[in-house]
Amino acid sequence: MFSKILVANRGEIALRIIRACREMGVRTVAIYSQADADSPHVYLADEAVCIGPAPVGQSYLNIPAIISAAEITDVDAIHPGYGFLSENAHFAEICESCHIKFIGPRPDAIRSMGDKMAAKETVRKVGVPTIPGTTQAVKDKDEALKIAKKIKYPVIIKAAAGGGGRGMRVCHNEVRLVSALMTAQHEAEKAFGNSAVYIEKYLEKSRHIEFQILADSHGNTVHLYERDCSIQRRHQKLLEEAPSPSVDWKLRKKMGDMAVKAAKAVNYTNAGTIEFLLDEDGHFYFIEMNTRVQVEHGITELITGIDIVKEQIRIAAGEKLSIRKQDKVPFRGHAIECRINAEDPANNFAPCPGRIERYNAPGGPGVRLDSHAHAGYTVLPYYDSMIGKLMAFGRNRGEAISVLERSLEEFVIEPIKTTIPIHKEILKSPLFRRGQVYTDFIPRLLGDWPDKNLDEEAKKT
Ligand code: ADP
C-alpha cells in the first residue's frame, strides 16, 4: 500500500479522497491555488502545497507545478479526482515516467476512451450497441447535411473530445445544422483544443443510464449496477439515483454485461463508468466511458456498501478487487443524490458565485452530505459551481425521496442562489414520483419559466 498520496484536486472530491486515505492509514498532500488557501482540503490534508494563482491553467491544470509538489513531498501516488487532469493521458504518462502511481486507468485506456468517436467504434466492434451516426470527424457542412439526411432529424452534433455538455448541439432541421456545426466546432476548439465533431441520431425520449465499473490488474472486472442520471440541465446531471426506476433485473443483467464487455475492450483497470442512453422501447446504446471516479459515485456506494475511492487506491497499489464475483456484489435499498450548485435555475442555471453567510447542513438517518462549504465560505468564480452533494438512502425509492425532501428543507445556504429550490420542485413532480423521467425532464418542468431551455429554442429555428 502507498504511504503518501497527493490529491490533485479541490472542493468536495479532495475531501472525499483525503477522508478515504485517512481511514486507510495513508498520509495525504493537498495542492491548492492562491484563491483556495483557506479551503477545507488544505487543512484536512497532512501537508499542503500552493501550486499557483487562481486560474486553472496556472494551478489545477499546471502539470509541472503539480509534479514538482509531488516530488518535493515525496508521494508514491497521485489521485486526480474528477475533472481537471483526471482524464488527461499525458498527465498519467508523466506520473508514470516520474515513478509516481497515477490512481486511475493506464494512459492508453484513457486515450482510447477519451476520443468519444473512437470509443464508440471500439465498443461497437465487441458487440456493444451504439447510436447511429458518424465514426469520423465531420469535415464540412455538405457532409453534415448528407449524414443528417441519412440518419434523419433530429440529430446531435458532439465534440470528439467532449465533456460537460460542451460542444454539443441538437438540430431539428438543415438550417439549424449548418449554423450549429460552426459554433460547435468553435466551442470544441476553445474548450478542448480539438475542433473535431461528429454527428449522431438524437434520441428524443431517452434516459441516461450508466454502469459503475471496477477492474483490477489481475483480470477481475465487475459492475456495481446502474445509476439513472436523466435529470439534467444543459445536458449535465443535476439529480441521480441508484438503482434506476426504469431498469428491471433482466435489463440490468443485459446492460451490465455490455458495460463489462465495453471496459474489457480496452483492458480497463480502476474505476470507470460506461454511459448508455435507454430509449422508450428498452433499447440501449453506449454513448461514452468516463475513465475516472464520477461525481455521483456516492449513491452507488450507498446501495452496495463498497467504498469506490478506497477500491481505486487498492487497485492502483496492485491489490485485487475486494469483491471479484459479479453475483456477490451487494445490492440494497435506494439512493438519490441532489447536486447542490451555486446556480440560478430561473436564469438558465447561470453560475452565482459569492460568499455564504448562513449555512445549515442537514443530517440524521439516511443522509450523506459530501461538501466543502460552511458559513463564511466563498464560492469562487474560477471553478465549477458545485457546493456539495446531498444524498439520501432508504429501503426503497419512496423512503429515499422522503429523506431527501426533509433534508432539503433543513438545508440552508444563504444569501447566494442555489439549486435547492429546483430540487424541491423535482421531488414534488408526479412524473418524478412515478419514475417516468427522460432527459428532457428539466426543460419540461421549467416550461413556464421565463428562460426556456436552449434545445426548446433550437426546435423553433
Ligand atoms: P458529455 O461528455 O459532454 O457529458 P455525453 O455524451 O455524456 O456528453 O452526453 C451528455 C448528455 O447529452 C446525455 O446524458 C444526454 O442527455 C445527451 N445526449 C448525448 N447524446 C445524445 C443523443 N444521441 N441523443 C439524445 N441525447 C443525447
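Which residues form a positive surface patch? I put this question to the predicted model and found that the patch is formed by Lys320, Arg324, Lys325 and Lys328.

**Entry on Arg324.** I located Arg324 in the loop between α11 (308-316) and β14 (334-341).

**Entry on Ser206.** I found Ser206 in strand β9, which covers residues 206-215. Its relative accessibility is 1%, so I recorded Ser206 as buried. I also looked up a contact of its side chain: a polar atom there lies 3.1 Å from the backbone oxygen of Leu203.

**Entry on cis peptide bonds.** I noted that the peptide bond from Tyr153 to Pro154 is cis, with omega near -5 degrees. Pro154 belongs to the loop between α7 (141-151) and β6 (155-159). I also recorded a cis peptide bond from Ala242 to Pro243, with omega near -5 degrees. I placed Pro243 in the loop that runs between β11 (236-242) and α9 (249-264).

**Entry on positive phi.** I looked up the backbone of Asn270 and found phi near 80 degrees, a positive value in a residue other than glycine. Asn270 is in strand β12 (residues 270-279), and it counts as buried because its relative accessibility is 1%. Phe349, which is not a glycine, has a positive phi of about 60 degrees. I found Phe349 in the loop between β15 (343-344) and β16 (350-351). Is Phe349 buried or exposed? I recorded Phe349 as buried, because its relative accessibility is 3%.

Terms used
Residues are numbered from 1 along each chain as its sequence is written. This is a predicted model: local features need pLDDT of at least 70, side-chain atom pairs count only at pLDDT 80 or more; totals for chains, interfaces and linings use all residues. Side-chain values use heavy atoms; hydrogens and water are left out. Patches are made of residues with over 30% relative accessible area and no salt bridge: like charges are joined within 9 Å, nonpolar side chains (Val, Leu, Ile, Met, Phe, Trp, Tyr) within 5 Å. Accessible areas come from the Shrake-Rupley method with a 1.4 Å probe; for residues, only the protein chains shown count as cover. A salt bridge is a side-chain nitrogen of Lys or Arg within 4 Å of a carboxyl oxygen of Asp or Glu. Lys and Arg count as positive and Asp and Glu as negative; His and the chain ends are not counted. The place of a charge is taken as NZ of Lys, CZ of Arg, CG of Asp or CD of Glu. Helices (H or I, at least four residues) and strands (E, at least two) are DSSP runs, numbered from the N terminus. Buried means under 20% relative accessible area, exposed over 50%, partly exposed in between (1.4 Å probe, protein chains only). A polar contact is a pair of N or O atoms within 3.5 Å; within protein, one must be able to donate a hydrogen and the other to accept it, and residues adjacent in sequence count only if both atoms are side-chain atoms.
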